[in-house]
Amino acid sequence: AEREDISNSMQQILDEATDPWGVLVERVEVKDVRLPQNLQRAMAAEAEAHRDAKAKVIAAEGELNASRALKEAADVITESPAALQLRYLQTLSAIAAERNSTILFPM
């Protein structure tokens with residue numbers, strides 16, 4: 001698609017230059033475009049910077065969603081004092097299962 005645009009643009013430029021001489025250029029076709037190494041490196045650096053910026057935005061959105069979820073969880077726990085105790089016991093149970101240990105509670 002871009003090759004066709006370039007070809008059309010070149011066709012117009014050539015027509016403007018050759019019409020006064022009575023020469024008609026019938027067709028212009030771009031087969032291959034080669035870019036200098038320094039331009040290729042600059043384009044690659046720009047693309048990498050764009051990817052990095054996009055990754056940072058995605059990470060920031062993830063952090064925002066996580067903080068909202070934590071706030072909602074804190075709101076739920078503050079509504080019920082027993083919820084905090086249950087969460088504490090659930091965490092202890094998970095730790096005990098993970099490390100294959102036993103937890104003793106004083107009575």
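This is a predicted model: local features need pLDDT of at least 70, side-chain atom pairs count only at pLDDT 80 or more; totals for chains, interfaces and linings use all residues.
Which residue just after helix 3 takes a positive phi? Asn-100 does, with a phi of about 50°.

**Helix 3 and its end**
- Helix 3 runs over residues 81–99 and holds 19 residues.

**Gln-11 in helix 1**
- Gln-11 belongs to helix 1, which covers residues 2–18.
- The relative accessibility of Gln-11 is 16%, so Gln-11 counts as buried, the cut-off being under 20%.
- The side chain of Gln-11 reaches the backbone oxygen of Val-25 at a distance of 2.8 Å.
- Leaving aside residues up to four places away in sequence, Gln-11 touches Val-25, Glu-26, Arg-27 and Val-28.

**Nonpolar surface patch**
- Ile-6, Met-10, Val-33, Leu-35, Leu-39 and Met-43 make a nonpolar surface patch of about 490 Å².
- At least two residues of the patch come from helix 1, and at least two from helix 2 (37–79).
- Leu-39, one of the patch residues, is found in helix 2.
- With a relative accessible area of 36%, Leu-39 is partly exposed, because this value falls between the 20% limit for buried and the 50% limit for exposed.

How values were computed
Residues are numbered from 1 along each chain as its sequence is written. Side-chain values use heavy atoms; hydrogens and water are left out. Helices (H or I, at least four residues) and strands (E, at least two) are DSSP runs, numbered from the N terminus. Buried means under 20% relative accessible area, exposed over 50%, partly exposed in between (1.4 Å probe, protein chains only). A polar contact is a pair of N or O atoms within 3.5 Å; within protein, one must be able to donate a hydrogen and the other to accept it, and residues adjacent in sequence count only if both atoms are side-chain atoms. Contact means heavy atoms within 4.5 Å. The expected span of a helix is 1.5 Å times one less than its number of residues. Patches are made of residues with over 30% relative accessible area and no salt bridge: like charges are joined within 9 Å, nonpolar side chains (Val, Leu, Ile, Met, Phe, Trp, Tyr) within 5 Å. Accessible areas come from the Shrake-Rupley method with a 1.4 Å probe; for residues, only the protein chains shown count as cover. A salt bridge is a side-chain nitrogen of Lys or Arg within 4 Å of a carboxyl oxygen of Asp or Glu.
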